[in-house]
Amino acid sequence: MIPNINDMLSCRNTLSLDALTALYCRLSVDDANDGDSNSIQHQKEMLERYCKENGYTNYRFYVDDGYSGTNFERPDFKRMIADVEAGTVKRVIIKDMSRFGRDYLQVGMFTEVLFAQYDIHFIAISNNVDSQKGENDLTPFVNLFNEWYARDCSRKQRAVARMKGMSGKRISTHPPYGYIKGKDGMLVPDEDTAWVVKLIFDLCIQGLGPVQIANELTRRNIPTPGTLAYRRTGSTHNYYPDAECAWSDSTIENILSYKEYLGHTVNFKTYSKSYKLKKRMVTPEDQQMVFENTHEALVSPEDWETVQRIRERRRRPKKQDTPALFSGMLFCADCGSPLRAHRGQTVSKGQECYCCGKYRDRTKSCTMHYIRAVTLEKLILDNLKQVVQLAQEDEQEFVRRLTSRSIQEQKVQVQSLQKELAQKEHRANDLDNIIKRLYEDSITGKLSDERFRILSADYEQEQQTLRGEIQDIQAQLAEIDSKTVNIDSFLKVAKKYTAFDELTPGMLHDLIEKIVIHEGDKSSGHRQQRIDIYYTFIGEAGASQVIAQRKLKGKVA
């Protein structure tokens, strides 16, 4: 017996009426600005009225309030799709296609592929879309226009943010840890957390790494930034209920890198490649916009520079809890490699030493450059006392010596670079004339084409190399012109240490940029070793070259 087609349709309609209907609502910030027509309440009323008029009594709302149509990682949208794939939902009704999404390809994938695969009855009321009535030829165009709308909104928002950012106003919505937003939108120190930021920088200057700083903050039961945000706003981002005071080294590294703690506003730190991609990319530092002295600083420029130098010379983790005193500060005079500390639980304090990293790697490309830690510590301590005492007791004489020395050194360096630049520019001009004559000889037949090709290629290669060398020299000259010895900054730091009898990591990183160790010389019967000390902001300062000396007894000590 052949079934009656009307009975089949009647049976299908009966099943459709009883099936669970998903009523989906979505509202973004931009949609809310358009008025009440797109409000969640209006969408609910419209969808519920449609269900009653068409006899759909078994329905459930899925609502995403505050989510962009270009983002399909919406909680209730994902829950609805999961119910579709599980076979729970058999019908999806929306107000219009823009509520479903504003990505032409993604919307098409869900409505034309996934819903067709699971035999979903799909309805968009305002666009007159009903999958049981057949395909609507205008639907693809509606989706395309919805995507254009999202693209246009994104373009306008970026233009507004660009204008705001270029004017010096802060465009980031979240203040850095240690600050809160004031009444005018500017950053003001947060009395509950500003002291923690200062503590983090102080601990770094004292020689602690990010892991050690994180452990110290955890030990003190200081709430993490994520915990603080949760307590203040209810945000669960980066909040871990079981570890409210467990700091991570990555959080410490981020805090140590923020220029905002200098009192500066930094805009355009990140960007997105497309309005469809929510992942933020880091903007190169030279393309970021920095506006100085826009709010109260939490860290001084001197401490900031010290911390950045320390972070550039990241030290390897040691088995000992305390890093070596000079770790990250010593460099080989011959190969430039960092010197490594030789320490251990079975090595006494007097036996600790530093050696060239390349020598320790057994590459045979450098020598040992051995120096005992206690010897180096005494030499640096004595030299520091001498330099700091002169800077404090006779500031004018200290400034005069540094200024005179700096000017003389720069003068010699500039003269040498200018002479080299003139020679290379003269040779480059000669090559222009040579290539021109070669071309004329080739045209007149005095030179064969093959010979012209070989010679011109060689000369052009030389000329290209010269152009690169000329640019490098010009850059060095420009750097010398713009570089000034920042004596005031060094004096400010030196005044922090009026009297001291031992070295600390914080003092070393504040006052010394690097220490260069030369190889020991035993030709005189004594082991003599030159040490060059480069102070922060001022470089070598008068008596910054010291000699380690020890008499040899039978064999090299």
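Modeller: Let us begin with Tyr-354, which stands opposite Ile-371 in strand β15, where strands (E, at least two residues) and helices (H or I, at least four) are DSSP runs numbered from the N terminus. This is a predicted model, in which local features need pLDDT of at least 70 and side-chain atom pairs count only at pLDDT 80 or more, while totals for chains, interfaces and linings use all residues. Residues are numbered from 1 along each chain as its sequence is written, and side-chain values use heavy atoms, with hydrogens and water left out.

Strand β15 (residues 371–372) runs antiparallel to β14, and two bridges join them; two strands pair if DSSP finds at least two bridges between them. Strand β14 (residues 353–356) also pairs with strand β13 (residues 339–342), in the antiparallel sense and over four bridges, and there Tyr-354 is the bridge partner of Ala-341.

Tyr-354 also belongs to the largest nonpolar core, which has 42 residues, and is among those that touch the most other members, as are Leu-384 and Leu-511. Such a core is a set of buried Ala, Val, Leu, Ile, Met, Phe, Trp, Tyr and Cys residues joined through side-chain atoms within 4.5 Å, and buried means under 20% relative accessible area, with a 1.4 Å probe and protein chains only. Helix α14 (residues 373–393) gives this core its largest share, nine residues. Beyond its neighbours within four places in sequence, Leu-511 is in contact with residues including Leu-384, Val-388 and Phe-490, contact meaning heavy atoms within 4.5 Å.

Notes: Buried < 20%, exposed > 50% of the residue type's maximum accessible area, 1.4 Å probe, protein only.
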